[in-house]
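Reader: I'm new to this one. Could you walk me slowly through one part of it, the charged side chains and whatever sits around them?

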Amino acid sequence: MADIAKLVDQLSELTVLEAADLAKALEEKWGVSAAAAVAVAGPAAGGGAAAPAAEEKTEFDVILTGDGGKKINVIKEVRAITGLGLGEAKALVESAPKAVKEGVNKDEAEKIKKQIEEAGGTVELK
């Protein structure tokens with residue numbers, strides 16, 4: 001049991017972005033979705049199942065799904081949003097669908113989505 005307690009302590013020290021990366025890695029490794037596991041575990045909790053279902057999602061991932069034929073404009077916006085260099089921003093846009101920002105609040109996610117869509121790109125919030 002000491003190993004489990006130690007693991008819990010280590011996981012408690014992760015940043016939000018590190019925790020998101022860990023969740024993605026586990027999803028890829030085991031072929032499961034963390035969101036589905038939470039949804040399945042919710043009803044098993046008993047009487048409090050209605051409360052978690054009513055909670056609103058507070059963190060979003062902004063996923064670039066395409067450049068809409070205006071790759072240069074979208075690259076410029078991605079650079080401005082992320083602070084990436086030209087090469088990194090170009091690679092991100094060309095490898096769409098790809099996360100532009102992860103773990104951001106709803107207002108920031110909507111703002112980023114609007115910026116990229118005004119530049120001609122397509123965006124999805126998850």
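Author: Let's start with Lys90 and Glu94, which form a salt bridge with their closest N and O atoms 2.9 Å apart. By salt bridge I mean a side-chain nitrogen of Lys or Arg within 4 Å of a carboxyl oxygen of Asp or Glu. A word on the source: this is a predicted model, where local features need pLDDT of at least 70, side-chain atom pairs count only at pLDDT 80 or more, and totals for chains, interfaces and linings use all residues. Residues are numbered from 1 along each chain as its sequence is written, and side-chain values use heavy atoms, leaving out hydrogens and water.

Back to our pair: Lys90 and Glu94 are four residues apart in helix 6, so about one helical turn separates them. (Helices are DSSP runs of H or I with at least four residues, strands are runs of E with at least two, and both are numbered from the N terminus.) Lys90 is partly exposed at 39% relative accessibility, and Glu94 is partly exposed too, at 43%. Here buried means under 20% relative accessible area, exposed over 50%, and partly exposed in between, using a 1.4 Å probe and protein chains only.

Helix 6 (residues 86-94) has a buried side as well: its buried residues are Ala89, Leu92 and Val93. Seen down the helix axis, they fall within an arc of 95°, so they line one face of helix 6; the arc is taken from the directions from the axis to the C-beta atoms. Those buried residues pack against strand 1, helix 5 (71-82) and strand 2 (98-104).

Strand 1 (residues 60-66) is where you'll find Asp61. Asp61 is buried yet has no salt bridge, and Lys24, the nearest side chain of opposite charge, is 4.4 Å away. (Lys and Arg count as positive, Asp and Glu as negative; His and the chain ends are not counted.) A polar atom of the Asp61 side chain does lie 3.0 Å from the backbone nitrogen of Gly103. Beyond its neighbours within four places in sequence, Asp61 has contacts (heavy atoms within 4.5 Å) that include Lys24, Glu102, Glu124 and Lys126.

So who does Lys24 pair with? The side chains of Lys24 and Glu102 meet in a salt bridge, 2.0 Å from N to O. Glu102 lies in strand 2 and Lys24 in helix 2 (residues 16-30), so the pair ties together parts 78 residues apart in sequence. Glu124 and Lys126 also meet in a salt bridge, at 3.4 Å from N to O.

Methods:
Polar contact = N/O pair within 3.5 Å; in protein donor to acceptor, adjacent residues only side chain to side chain.
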